[in-house]
Amino acid sequence: LDLRTPGQQWEEVPISNSMREGLRRCARSLREQPRQAGQSLLIFEGREGSGRGAASHALAHDIGSPLAVVDCEALRASGDSFIKQAPSIVLHQRLWDAVLYLAHADALFDQEGRPLPDAGRFIQALAPSTRPLVLSCLPGTRWREIVKDRRATPVVFGDLSSAERIAVWHAAAAESDVPVRSETLSAIGSR
């Protein structure tokens, strides 16, 4: 469990403008609604490098909370059951008043894509929080099988179009004061 103080702004997240605006609306809603246990479960589904982690940082920053990151691969490798570790995670999340980000949540599944025996109970054990729970997984992960009856909001992080990639690279270069020719940006964006 790793506590992070997010400083990432939405403009720094390499996602499309329409997705950015949708996530901003989601953050605004989370910020303005009264806190209730189990209120928000977000599923960030996308390939590595698609912006899921950066979006979680920006979401936490936007709602004014730190981000508690749980690496599900590391939890699985520790040898302890997920359910055994849940009370400590919930306690830390409450004490820190943090958004909980489950990185590599596809580690809650076996090689055939079936949920591990205690995966569903693990997710249910994390439900009492009044802060959002973000489950981050690869495309095709059968996350619905572990969230059971809990309401979840899936967010699919797809590949950016060529124009969107060019815009991301242009913004990054401008922010770093690195001059980049437009031909170079076009070549990078077309990959």
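This is a predicted model: local features need pLDDT of at least 70, side-chain atom pairs count only at pLDDT 80 or more; totals for chains, interfaces and linings use all residues.
There are zero disulfides in this structure, a disulfide being a pair of cysteine sulfur atoms within 2.5 Å. Cys26 takes part in none, and the nearest cysteine sulfur, that of Cys137, is 16 Å away. For Cys72 the closest cysteine sulfur is again in Cys137, at 10 Å, which is too far for a bond. Cys72 is also buried, with a relative accessible area of 0%; buried means under 20% relative accessible area, with a 1.4 Å probe and protein chains only.

Residues are numbered from 1 along each chain as its sequence is written, and side-chain values use heavy atoms, with hydrogens and water left out.

I turn to strand β4, residues 99–103. Helices (H or I, at least four residues) and strands (E, at least two) are DSSP runs, numbered from the N terminus. Why is β4 described as largely enclosed by the rest of the structure? Five of its five residues are buried. In a regular strand the side chains alternate between the two faces of the sheet. Here, Val99, Tyr101 and Ala103 are buried on one side of β4, and Leu100 and Leu102 are buried on the other.

Which strands pair with β4? Two strands pair if DSSP finds at least two bridges between them. Strand β3, residues 67–71, runs parallel to β4 and is joined to it by five bridges, with Val70 opposite Leu102. Strand β5, residues 133–137, pairs with β4 in the parallel sense over three bridges, and Leu102 stands opposite Leu135 there. From β4 the chain crosses through helix α5, residues 119–125, to β5 in a right-handed β-α-β crossover; with the strands pointing away from the viewer, the path from the first strand over the helix to the second runs clockwise.

Next, Gln93 belongs to helix α4, residues 82–96, and is buried at 2% relative accessibility. Leaving out residues up to four places away in sequence, Gln93 touches Ala98, Val99, Leu100, Ser129, Arg131 and Pro132, where contact means heavy atoms within 4.5 Å.

Finally, helix α2, residues 52–63, has 12 residues. Nine of the 12 are buried, so α2 is largely enclosed by the rest of the structure; among them are Arg52, His57 and Ile63. After α2 comes Gly64, with a positive phi near 80°.

How values were computed: Buried means under 20% relative accessible area, exposed over 50%, partly exposed in between (1.4 Å probe, protein chains only). The expected span of a helix is 1.5 Å times one less than its number of residues.
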